[in-house]
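Biologist: Could you show me the model, so that we can go through its packing together?

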Amino acid sequence: MRIIFMGTPEYAATILESLLAKHEVCALVCQEDKKAGRNMRLQMPATKELLLKKELKIPIFQPTRLDEDFIEEFKKIPCDRIIVAAYGKILPLSILKFAPCINLHASILPSFRGASPIQQSILKDEEYFGVTAMQMSEGLDCGDILGFKVIRNRLQSKTELFLDLARIAASLTLEYLQRCDSVIPLRQIDADASYCKKIKKSFGQVGFENANCLAKKARAYEGWPEIYLENGLKLKGVKMAESLSENIAGEILCITKEQIKIGCQKGSVWVESLQSPSKKAVSAYQYLQGKHLRIGDILQ
């Protein structure tokens, strides 16, 4: 089957790689190269990098806008299906009508429509995580369901969950394409829908009120924006210690060379390393030594 693939990050690259093995990928559409990292070096999307590494002569489009000029070129590419996975832009109706557009959304729809389904699934502590294959239509992730796959919540971090969902999304995509002529679309129940916003840096600011909430935010915001205190101190390698104790918020309860235990008003967490603004991360033990902090002191 001839496929135009629209996707940008690693999640999309995993799906694209599975398609390359079984189908004819006629073109890739992804976002532009962007500056990232501490050195702000220009980085290409993971999907583009995959094609270049494989030295495949597949056209790559990186439009700033999906305007009429781009759409005119886009429609010159013959295809049977358009597969979309974390592309990052809303598709105009002219593209949706050009060929059947299938989106691999990283939630069990209609839950968590929107830009951050993986993070929101972790924050809500869902029993199952999943991927939905959806027939794209006008509106936000509201098209008919064509199939889905689920996995259990194993307290994965965002990075781990991205990898898990990418693998099942790749499998789901191939299964759908194999059976697409016999799949009966299932309409979503809009009354059951929930939504999630694009992640902002401010979402990562935390306090020591509730250990369970703190640990979930640490998993959900791993990598970016990460979690940090009001003074900008980043907490890394955060895991639940227990959820029942009552403590002074931020009190240092235990110190080992591997990690430290911090009390929350409800429960406590282990922290492996800390990073002050504009400095490198150090082990939590080293940080406490440098600040002359001991058990009973407050981390703030």
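Modeller: Here is a short talk about cores, a sheet and a helix pair. This is a predicted model, in which local features need pLDDT of at least 70 and side-chain atom pairs count only at pLDDT 80 or more, while totals for chains, interfaces and linings use all residues. Residues are numbered from 1 along each chain as its sequence is written, and side-chain values use heavy atoms, with hydrogens and water left out.

Biologist: Which residues touch the most other members of the largest nonpolar core?

Modeller: They are F5, Y11, L165, L235 and L299, out of 61 residues; such a core joins buried Ala, Val, Leu, Ile, Met, Phe, Trp, Tyr and Cys residues through side-chain atoms within 4.5 Å, where buried means under 20% relative accessible area with a 1.4 Å probe, protein chains only. Helix α6, residues 158-179, gives the largest share of this core, 9 residues, a helix being a DSSP run of H or I with at least four residues and a strand a run of E with at least two.

Biologist: And what does L165 touch?

Modeller: Leaving out residues up to four places away in sequence, L165 touches Y11, A106, I118, F129, G130, V131 and I151, with contact meaning heavy atoms within 4.5 Å.

Biologist: Switching topic, what is the strand order in the open sheet?

Modeller: The order of its 4 strands is β12-β13-β18-β19, with antiparallel pairing, and two strands pair if DSSP finds at least two bridges between them. Strands β13 (234-236) and β18 (273-275) are joined by 3 bridges, and L235 stands opposite L274 in β18.

Biologist: Which strands are at the edge?

Modeller: Those are β12 (227-228) and β19 (282-283), each pairing on one side only.

Technical notes: Buried means under 20% relative accessible area, exposed over 50%, partly exposed in between (1.4 Å probe, protein chains only).
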